[in-house]
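Here is a short report on one protein chain. Look at the model first, then read on.

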Amino acid sequence: MEALGLKVWSSKPLRHLFHLASSSSSPLPTSKSYLSSFSSSSSSIRCCSSSSTAAAATAAVRKQGGRGRRSPADSTTNSTSDRDAIRAIRLKKVEELRSKGFEPYAYKWDRTHTANQLQEIYKHLENGEESNGEDDQVSISGRIVARRAFGKLAFLTLRDDSGTIQLYCEKERLADDQFEQLKSLVDIGDILGACGSIKRTEKGELSVCVNSFLILTKSLLPLPDKFHGLTDVDKRYRQRYVDMIANPDVADVFRKRAKIVSIIRQTVESVGFIEVDTPVLQGAAGGAEARPFITHHNSLGRDLYLRIATELHLKRMLVGGFEKVYEIGRIFRNEGISTRHNPEFTTIEIYEAYSDYESMMNMAEEIVTQCALAVNGKLTVDYQGVEINLERPWRRETMHNLVKEATGIDFSELGNDLNAVKEETFSKLNIGANSQERHLIEACTSVGRLLNEVFEMVVEPTLVQPTFVLDYPVEVSPLAKPHRRHAGLTERFELFICGRELGNAFSELTDPLDQRARLEEQVKQHNQKKEAAVSKDSDTKVDDDVSYEVTLDEDFLTALEYGMPPASGMGLGVDRLVMLLTNSASIRDVIAFPVLKIQQ
C-alpha cells in the first residue's frame with residue numbers, strides 16, 4: 001500500500017503506513033466545545049463540527065449556549081448562518097491538517113475488503129471474539145455516517161458502496177495522540193481509510209478494531225440528521241448526491257435500475273439481437289408525435305432536433321440487412337413534467353425482421369418477468385399498496401372490447417358519422433356541456449381518434465394488472481401495418497400495468513407509399529391544430545403546445561423504397577419499468593438527476 005501525498009510515510013513499514021500522527025511532539029490542542037462530551041457521553045453524535053483552532057467559529061456554532069444543549073453543529077439545520085459556521089470550522093481543520101504535513105484530500109487508498117465482504121467472511125465470529133492474526137489485518141475505506149463514544153472508546157459507522165461496518169476505536173490501540181485527533185479532526189461526512197483487526201463486540205456488532213486511520217477526504221458541509229434524513233423533496237432531487245448519502249434506500253433504487261438494464265440486454269441478446277447506436281441529433285424529429293427540443297449546429301449552419309424516438313433509424317438498419325437490432329437510449333421530448341413524464345427518459349426499442357406484433361408481446365412478457373425475478377426474486381410486485389401479478393400469460397384484449405366493457409359503447413357498430421358518434425358518447429358517459437372531457441371529445445377529428453380518446457379517458461386508468469391492448473385505429477398509429485382482418489385498424493398493441501403505458505409495438509408498416517401518405521396526413525393534422533391554436537375565431541380547445549414544425553423524414557421514406565422486410569418493433573419505457581419494480585411513485589425517483597425548475 002502507498003499513501004500518496006503524505007511524504008512523511010514514504011519509508012515506513014506496512015503497519016505504520018496509516019498512522020495519522022502529529023508531525024510535532026506536542027499533542028493537538030483541544031476545544032472545550034461540545035466535543036468534550038464525546039469521550040464521556042454515550043449519546044450519539046450526529047454532526048461533529050468543533051475545532052480547537054476555530055474558537056470564534058465554535059462560539060458561533062454554539063450560539064444557543066447552555067451545557068448539554070445540542071449545538072446547531074450537532075444536527076441538521078436549515079439556517080444558512082449555522083451551515084456557514086460549520087463550514088468555517090471544517091475549513092480550519094483542513095488548514096490544521098496541512099500545517100501538520102498531512103493532505104486532507106488523498107490521492108488513493110489501497111483497501112483489502114469491502115464492508116459487505118467482511119460481514120460475510122467473519123459471520124462465524126461469536127460475540128466478544130476477536131480475530132487478530134496476520135491474515136486478519138484488514139484495510140477498509142468509506143464515509144463516516146455516525147459516531148458515539150464512551151470514555152476512551154469511540155465507535156464510528158463507516159459506509160462504503162457495499163454496506164456498513166463499525167470502526168472500534170480504542171485509545172490504547174492508537175499510536176501517539178491519534179485518539180485525540182480522531183475526536184478533534186474527524187467529522188461525520190468525512191471519508192476515512194482505516195486498518196486493523198476484526199472483532200465482534202459483546203453486543204454482536206462486527207467491527208474493525210482500528211490500529212491506524214487516515215482522512216482521505218475532509219467533508220466541509222454537514223450531513224442531514226440521521227433521524228430525519230433529507231426530507232425536502234425538491235432538495236432530494238436537486239442534490240441527489242446528498243439524498244443517496246442520507247437515504248441508503250435511494251442508492252438501492254439506482255443499483256436495481258442498473259440491474260434491470262443489464263437483464264434487459266441479456267434477455268434480448270440471448271435470442272440474437274444486436275445493440276446499435278443511432279444519432280441523438282437529427283435533421284427531422286420522427287418516429288412519434290411529440291414536441292422536440294431544437295438546437296443549432298454552428299458549423300453546419302442548421303437547426304437540429306434531439307430525437308423523440310429511435311425508431312426510424314433502427315428501421316434503416318433493417319433495410320440495410322440487420323434482422324434483429326435494439327437500442328437502449330435517451331429520448332427527449334419538450335413537453336410537460338409529471339410523476340410519469342420527464343423531458344428526457346430512457347427506452348429500449350427492438351426490431352425483428354420476419355415477425356409480427358405477436359412476437360413482441362412474447363418479448364415484452366419475457367423482458368419484464370426476467371427483470372422482476374432478477375430484482376425481486378418473484379413475479380408478484382407490491383406497487384403503492386397494490387399487488388401486481390406478473391405471471392404469464394398476460395391478458396390480451398382489443399381496444400374496442402375494452403371500451404365496450406367499460407362504457408357500453410360499441411364503436412364497431414356506430415358507423416362513421418362523427419357527430420352522431422360524439423352525441424352517443426356524450427350520452428353514454430353523461431358528459432356535461434362545459435367539462436374538460438367534452439372539449440377533448442369535441443376536438444377529435446375522426447371516429448378512430450374518438451375511440452382512442454374514450455379509451456384513454458375511461459379505460460386506461462383501470463388497467464392495473466398487465467394487459468396488452470390490441471388493434472388501435474389507423475389515425476393514431478401512422479407507423480403500424482394495417483390490420484389484416486379489420487379495416488380502419490392496425491396491428492398495434494400497448495402494454496399497460498398500474499394504469500400506465502409501459503410498452504408500444506406494431507407489425508411495422510413496410511409499404512413506402514402508404515407510409516408517405518400517413519406521414520403527410522400526420523403533418524396536415526398537426527398544421528390544422530396549429531392554425532386552430534392561433535385562430536381568434538376558433539372555438540376548439542387545444543391543450544397541447546403545437547407551435548412547433550413537423551416535417552417529413554424524406555431519407556426514411558427513401559430507405560423504405562429500397563425495401564424493408566416484414567418486421568415487428570417495440571418500445572419499452574425503462575424508467576416506468578424501474579418505477580414498477582422498485583415501488584417508486586414518481587419517475588423522478590428513478591432518474592438520478594431529473595430536470596427541475598430553476599431554483600428561486
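## Surface and overall make-up

The protein chain exposes about 28300 Å². Carbon and sulfur atoms supply 47% of that area. Accessible areas come from the Shrake-Rupley method with a 1.4 Å probe, and for residues only the protein chains shown count as cover.

This is a predicted model, in which local features need pLDDT of at least 70, side-chain atom pairs count only at pLDDT 80 or more, and totals for chains, interfaces and linings use all residues. Residues are numbered from 1 along each chain as its sequence is written, and side-chain values use heavy atoms, with hydrogens and water left out.

The chain has 600 residues, and 50% of them count as buried. Buried means under 20% relative accessible area, exposed means over 50%, and partly exposed lies in between (1.4 Å probe, protein chains only). The secondary structure comes to 16 helices and 20 strands. These are DSSP runs numbered from the N terminus: helices are H or I with at least four residues, strands are E with at least two.

Now take contacts, meaning heavy atoms within 4.5 Å. Among those with a separation of 6 or more, 69% join residues 24 or more positions apart.

## The nonpolar cores

A nonpolar core is a set of buried Ala, Val, Leu, Ile, Met, Phe, Trp, Tyr and Cys residues joined through side-chain atoms within 4.5 Å. The largest one has 46 residues. Ile350 and Leu390 have the most contacts inside it. Helix α9 (residues 357-376) gives this core its largest share, 10 residues. A second, separate core has 29 residues, including Leu118, Ile144, Ile165 and Leu192.

What does isoleucine 350 contact, leaving aside its neighbours within four places in sequence? Its partners include Val268, Phe273, Val325, Met360, Ile367 and Met570.

## Helix α15

Helix α15 spans residues 554-562, and its buried residues are Phe556, Leu557, Ala559 and Leu560. They sit on the same side of α15, because they cover an arc of only 155° around the axis. The arc is that of the directions from the helix axis to the C-beta atoms. On the other side, Glu561 and Tyr562 are exposed.

The cover over the buried residues of α15 includes α8 (311-319) and α14 (512-534). Just after α15 comes glycine 563, with a positive phi of about 110°.

## A hairpin

Strands β14 (residues 380-383) and β15 (residues 386-389) run antiparallel, joined by 4 bridges. Two strands pair if DSSP finds at least two bridges between them. Aspartate 382 has glutamate 387 in β15 as its bridge partner. The hairpin has 2 residues between the strands, and glutamine 384 takes a positive phi near 50°.
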